[in-house]
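Visitor: I have a structure to read. Please show me how to go about it.

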Amino acid sequence: MEYRSTGNKDTRSGFGAGLLELGRTNPNVVALCADLIGSLKMDDFVREFPDRFVQAGIAEANMVGLAAGLTIGGKIPFAGTFAAFATGRVYDQIRQSVAYSNKNVKICASHAGITLGEDGATHQIMEDLGLMKMLPNMVVINPCDYNQTRAATLAIAQHVGPVYLRFGRPAVPNFTPADQQFQIGQAITMRSGADVSIFATGHLVWKALQAADALAQQGIDAEVINIHTIKPLDSDAVLQSVAKTRCAVSAEEHMRHGGLGDSIAQLLALNAPAPLEYVAVDDRFGESGKPDELMAHFGLDTPDIVEAARRAIARK
Amino acid sequence: MADIERLESIAAQVRRDVLRMVNRAASGHPGGALGCADFFTALYFDVMRHNPQRFSIDGQGEDLFFLSSGHLSAVWYSVLARCGYFDTAELATFRAMGTRLQGHPTPAEGLPGIRIASGSLGQGLSVACGAAMAKRLNGDAALVFSLHGDGELQEGQIWEAAMFAAAKGVDNIVATVDYNGKQIDGPVGDVLSLGDLRAKWEAFGWLVLEANGNRMAELVQVLHDARGHVGHGKPVVLLMRTEMGQGVDFMMGTHKWHGKAPSDEELERALAQIPVTLGDY
């Protein structure tokens with residue numbers, strides 16, 4: 001199918017919409033927040049279900065522990081804050097009380113990556129996917145637009161076990177179907193091609209589709225695959241695509257070390273070695289700026305994907 | 001009214017279990033475990049309403065217990081086995097390869113009685129508060145108990161949870177502090193003083209109870225009193241004075257047995273001071 005944007009929307013609003021629907025359909029769903037209700041778009045849930053909402057204050061470690069405890073008694077807690085505070089700040093709490101204990105906690109992380117923008121490097125976490133994917137039992141999801149974030153929010157309530165759901169701040173193109181069923185761990189081929197496989201996640205999926213259009217004008221037939229689930233990685237989808245194209249590009253709003261690219265590199269190295277080029281942040285902290293400016297400055301934009309694809313093809 | 005002599009006799013056997021388990025594993029934390037043997041016995045054999053034969057993680061309708069200071073695992077395992085959560089023979093596997101009795105407690109191996117992992121300190125009060133809130137949402141009138149080391153109170157997350165529980169009126173929880181004044185590097189007052197602990201908890205909005213945790217009658221009484229204090233808008237904390245190494249003369253009055261296993265000869269000398277009551281595992 002051809003993907004067209006129906007307008008710009010923020011992925012965090014997709015989370016808020018999904019959470020509200022869950023509130024109405026699943027009485028065991030509870031929500032927690034650490035003083036960021038508006039930023040996480042949890043306002044509607046809080047208004048409609050005040051008894052199932054926990055305001056933890058600026059105390060993220062406690063919030064994670066509360067969430068783990070709430071599962072004991074059958075609740076399904078969705079704990080939301082900025083990605084920087086939902087991962088690095090509370091890594092040990094997530095590791096012991098959630099992942100090792102295999103609790104049914106959904107860690108909902110907004111404002112992930114460089115597109116957080118003006119607040120700068122303290123808040124622009126680009127290590128979160130790596131941190132979370134290293135934890136046994138943890139499912140790691142990074143949807144690409146509003147519709148997919150809403151669908152993913154609904155889907156993770158059905159999965160029993162810890163989940164890290166990552167989404168962002170800025171309004172970005174909304175281009176996936178509103179009625180999609182979200183299958184955890186099942187990559188989506190957005191565009192078929194024969195010359196290069198572009199594996200993209202989050203905000204980079206739309207840019208990868210644009211890059212494929214640009215590549216087509218240069219006579220290059222690119223395949224674009226949306227890896228919305230970083231873990232478990234859809235190994236079959238990756239290997240089947242690369243078997244056809246014999247080279248790959250990974251594209252993510254994350255550090256080069258430890259992100260989606262490394263997962264794909266490991267998979268290819270072990271099973272079917274092929275050239276891989278990374279579109280990711282190269283081992284440096286972020287800085288203040290507008291989201292679009294920052295994406296270009298840090299090499300995460302459409303032209304960067306085009307160049308990476310050409311390099312990958314040249315290495316075949 | 002509780003049969004104090006019976007509880008004391010169970011606690012004696014628990015102390016023997018702890019010493020034999022730690023000796024056999026040649027590792028573990030006997031000091032604090034011996035100090036809290038009376039507390040665990042009182043809680044599981046008299047105070048808590050629970051179902052050892054039908055363990056479920058959710059524990060609907062049951063009182064729940066969370067051990068925040070997970071290194072006291074040996075005493076918890078002994079009491080869980082002695083009251084029927086699993087066979088006492090399994091105590092012999094403590095800390096060995098393939099055991100469900102991991103060095104620090106975890107639900108990962110499916111050991112009945114354990115609902116969450118602990119070991120990295122400071123997390124259990126938050127978890128206990130979460131479980132207490134789940135009980136409320138479920139209309140479940142049972143209580144949540146927890147145990148914390150005094151050294152553990154140096155962790156900031158404890159005070160996040162303390163502030164939260166009082167502010168949100170989580171009043172179906174009874175937290176206990178194992179107030180033995182000792183931690184790995186020495187006396188708590190030397191390592192990082194807790195100051196006026198009673199005043200701190202009161203300032204955070206908790207109802208504070210105190211008792212000697214090595215006098216069974218006093219301990220049982222205060223835990224039953226604690227039940228009467230729940231449901232009145234304030235969380236309850238018991239500052240429980242204990243002696244690290246209680247019951248074994250050469251392990252008392254020092255922090256040196258916090259994380260050290262007795263040798264075979266030391267075990268023999270220790271066991272000679274504690275009578276067999278229920279029979280060794």
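Guide: Start with the contact between the chains. Two residues are in contact if their C-beta atoms, placed from the backbone, lie within 7 Å. Here the contact takes 27 residues from chain B and 22 residues from chain A. This is a predicted model: local features need pLDDT of at least 70, side-chain atom pairs count only at pLDDT 80 or more, and totals for chains, interfaces and linings use all residues. Residues are numbered from 1 along each chain as its sequence is written, and chains are lettered from A and ligands numbered from 1 in the order in which they are written.

Visitor: Which helix of chain B gives the most to the side that touches chain A?

Guide: Helices (H or I, at least four residues) and strands (E, at least two) are DSSP runs, numbered from the N terminus. Helix 5 of chain B gives the most, with 10 residues. Helix 5 (124-137) and helix 6 (156-167) of chain B each supply at least two.

Visitor: What is the strand order in the open sheet of chain A?

Guide: Two strands pair if DSSP finds at least two bridges between them. The five strands run 9-11-10-13-14, with mixed pairing. Strand 9 (188-191) and strand 14 (276-281) of chain A each have a single partner strand, so one side of each lacks a neighbour in the sheet.

Visitor: How many bridges join strand 9 to strand 11 of chain A?

Guide: Three, and these two strands run antiparallel. A:Thr189 has A:Ile225, in strand 11 of chain A, as its bridge partner.
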